[in-house]
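Here is a short report on a protein model. Look at the sequence and structure first, then read on.

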Amino acid sequence: MKTTHPSLRRRALVLVAALGLVAAACGSDDDSSSDSAAPATDAATENSTAADSGGDGEAVEIDWWHIQNNDPGLSDWQAMADTYMEANPNVKIKITVMENEAFKAALQTNLQSGDVPDLFQSWGGGGLRDQVDAGLVQDITDASSDFVGDLSEGATSLYQVDGKQYGIPYNASMVGVWYNKDLFAQAGIDAPPETWDELLADVQTLKDAGITPIAVGAGDKWPAHFWYSYLMIRLGGAEAMNQIAADNNFSVPAVVEAGEKVGDLVALEPFQAGFLGAGWDAPDGESGTMASGGAAMDLMGQWAPGAFATQAGVDGAANLPFELGWFPFPTVDGGAGQPTDAFGGADGFAVGKDAPPEAVDFLKFITNQENQETWAADSGLPVNPQAVGAVTDPNMQAVLEGLNNASFIQLFLDQFFTAEVGSQVNDQAALLFAGQTSPQDAADAITATAGG
Amino acid sequence: MRAPTTTTPAARQPASRLGRVPKTTVLLFMLPALTLYGVFVIYPIIQSLRYSFYDWNGLEPLDNFVGLDNFRRAWSDQLFRDALSHNVIILVLSVFLQVPFALGLALLLNSRIHGRAILRTLFFAPYVLSEVVTGVVWRQILRPDGLLDQGLDAVGATGLTHEWLADPELVLYSLFFIISWKYFGFHMVIILAGLQQLPRELHEAASIDGASSWQSFRYITLPLLGPTLRVSLFLSIIGALQLFDLVWVTTKGGPIGASSTMATFLYDQFRKGLFGYASAVSIVIFGLSLVVALFYQRVALRRDLEGTGLVG
C-alpha cells in the first residue's frame, strides 16, 4: 500500500486535487522571470505595426513551442529558426521543445493563466475551437492570405474555425494499413485486401498460417478508434460524417454498423496477445509487435514506419528486417463512403493572441517549398504541394497519393470533437474491442456525451 | 513515521507549557509555515471546491455555475463507481492479506533465525524502489510471454500462463500483488519495531507458566502489538483510497478501466478538460478519505492517541 506519513498523504491528495491551480501558479512564476522583456516587446510590436510592418529596426521576440523532441525534426527546426533570425536580425525566436504529453499539460497551464505562446503545436479541430472560443488565439486570415493558398486546402481548412484562419499546418497525416509483406507472402496472400470482406478472409488465412494478423494497442484506446472511425467513414461517407458533426448525434446507422463490423473483426481473434493492455509505442505494444515481426498488419498513420524502426533499433524503415507495405483502408460493400475518403489530420501551429505579425511571417517561412522539402525528406509529409518531390520512400509516396486524391478528409475523431467527446469515442472503441459493449450502446454513449 | 512512539506511555509529553509564551510570539514563529500551508494547501482546496460548482473546461471564463450537478454526475457515473469499488477491493485485500502477511514475516524475522538481517534488508528493498521503477519492471515481468509466462512455460505449467495485465478479470489482482510486493516490507518493518519494544519478561514469565507459543502470541504479543498494528492498518487503508502512481505507471487504469482507481479516474477527467467535474471528483475523494481517516482515528486509534491532542 501507499505508505507515508498520513497527513503528508492527505496533503498530497489535496495537491492532486488542486493540480491545475498549483501548476498554474508555478507556470506564471516561471514566465514572469523569463518574460521580463515582454511588455517592451509588445510595445515595440505595436509601434512597428503602426509605422511599417516590414521594419527591421524594432526587436521582436517569438515564443515558439513545438514537440519535435527527437532528431532530425529537432535540429531541422532549430536550423530554420536560425536561418530566419539571420535574415531578420530584429526577430528573436525563443524555442521551447517538449515531449507530446508534457506539452499538452504545460500548454493547458499556460492557456489558463492567459500566458499564451506566440506559436504552439496544434492539431486543429475541436481543441482549436475551444481556444478560439476562449479568445486565446489570433485570427490570421488576412495576415496569412498571401501564402495560405500555396498549401494543401484539406490541411489548412483544419485550422479554420467559422471560416477564419487561426493556425497554419506543417505536416499532413493519413491513416492506412501498414503490413509486413514477408508475412503476407508466407501465408500465401499475394495482394493486399481491397474490401472489408477480403480483409476478414486474409485475417483468417494469416491465422491458419500461424501468424498474428493484426497488432493493436487498445490499452491506449486511440489506436482502436482508428478501426471504429474508418469503418464509420466507409459506411457513412462524407455526408454521414458531416451530419454527425452537425447534430452531435452518433446514434446513426453508420456508427452502429461500424460497431458491428468491429465486432466481426474481434470475433476472429486477430490481435496479438494482451492487446487490451498494450499501448501504441512500447516494446510490448503495437509498434514493438510489428517491429519484431509479431503481427502482419497495423492500422496507423504515416508516423508508423519511423516508430517501427526505432523499436527495431534500425536506422529508418528501409532497414527493417522485413519488407513494409501500405494499403488504404478497405472499402465496405454497400457503404456510402468513397475508397478515396481519407482519415487523418494535420499538425500545425496555432498563433497566440499576443503574437507579433512576424510570427505569421515565420509560419510562411517554415512552410515554403525549401523548408517543406527538408521536412518531407526527414520527418513527415509536406502540406506544401510544391515539396512533394522530396518524398522518396515508396510507401510514403503511396500515403501522399492517398491524401492528394482524397475526396474527403475526416480529421481524427478524438481531435475533431472536444476532448471530452473524443475521449468517449476512444473509450467506446476500446470497449468494443474488449467485447464489453454493444454497437448500439457504444453509439448511444457517445451521443450522450456529445449532447446530441 | 510516528508509529512506534505511541506504543510506550512513558514517552508521552507532559501537559503543554505553551501557556507561558506570549501568543504573539507563537503566532510570529508560525507565520512562515502558516503562509506556506495557506497558499499550497488551504487555498487550493478552496479553489477546487469553487471549481466543483461550475461546468468549466479550464479555458473559458468561470461563469457557468451548475450547483451540485457535478456531484450528482459523479454519484451516477458508473465509471466512478467502478473505480471506487476497485479502491474498496484493494483496501479489503490489503487489510486481510497484506498486513497479516507482514505480521507473519515480522514474527519470523523477530526470532533468532540465521541470516535474518539479510532477509530483513531483502524484504524491505522493494519499498525503497520508486513507484515508477516498480511499475515498469513488473510490466515487463507480467507482459504476454514475459518473464513470468516464460518461467511457467519452462517448468511445463503452460496452462497457468495468463494475460496478467491485459485481462480485465485479472488485472486488479495482478496489481494488488505488485502493490503488496512493494509495501509488505514497509509494514513488516513497522511491526518489527513494535515487536522489539515488547518487554521480554512477559514472554519469559508466560513460558515459565507453561504457555504454548500460540498462547504466548495470542495473549501477549498480539494485544501489546495492537497500537502498532492499528497504525499499520491505518496507513494501508489511506494508501488504498489514494492509490495512483503505481497503477498509472503499470496499467493507466486499464484495460477498459478494469484497474481504475478514484485517483486515476480523477486524472482522466483532467485530461479530458473537464476541470469542473474533475474538481468535484477530487472533493469527493478528499471527503471520503477524510471521513475514513477521522473515523478510524476516533474509533480504532482512540486509545493510542490519547494525550497527543489528535483525538478530541
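## A salt bridge between chains

D284(A) and R139(B) join their side chains in a salt bridge, at 3.5 Å from N to O. A salt bridge here is a side-chain nitrogen of Lys or Arg within 4 Å of a carboxyl oxygen of Asp or Glu. Between chain A and chain B the count is 2 salt bridges.

The model is predicted: local features need pLDDT of at least 70, side-chain atom pairs count only at pLDDT 80 or more, and totals for chains, interfaces and linings use all residues. Residues are numbered from 1 along each chain as its sequence is written, chains are lettered from A and ligands numbered from 1 in the order in which they are written, and side-chain values use heavy atoms, with hydrogens and water left out.

## The interface

On chain A, 42 residues are in contact with 56 residues of chain B. Contact means heavy atoms within 4.5 Å. The size of an interface is often given as the accessible area lost when the parts come together. Here the buried area is about 4,100 Å², and carbon and sulfur atoms give 66% of it. That area is what two parts lose on being put together, summed over both (1.4 Å probe).

The rule also finds 4 residue pairs in polar contact across the interface, both residues at pLDDT 80 or more. A polar contact is a pair of N or O atoms within 3.5 Å; within protein, one must be able to donate a hydrogen and the other to accept it, and residues adjacent in sequence count only if both atoms are side-chain atoms.

Which elements of chain A give two or more residues to the side that touches chain B? They are α1 (6-17), α2 (19-34), α5 (100-112), α6 (125-133) and α18 (419-433). Helices (H or I, at least four residues) and strands (E, at least two) are DSSP runs, numbered from the N terminus. The largest share, 9 residues, comes from α1(A).

## A covered strand

Strand β7 (residues 176-180) of chain A is mostly covered, with 5 of its 5 residues buried. Buried means under 20% relative accessible area, exposed over 50%, and partly exposed in between (1.4 Å probe, protein chains only).

β7(A) runs antiparallel to β8 (residues 297-300) of chain A, joined by 4 bridges. Two strands pair if DSSP finds at least two bridges between them. In β8(A), M297(A) stands opposite Y179(A). β7(A) also runs antiparallel to β9 (residues 324-327) of chain A, again with 4 bridges. There, F327(A) is the bridge partner of V177(A).
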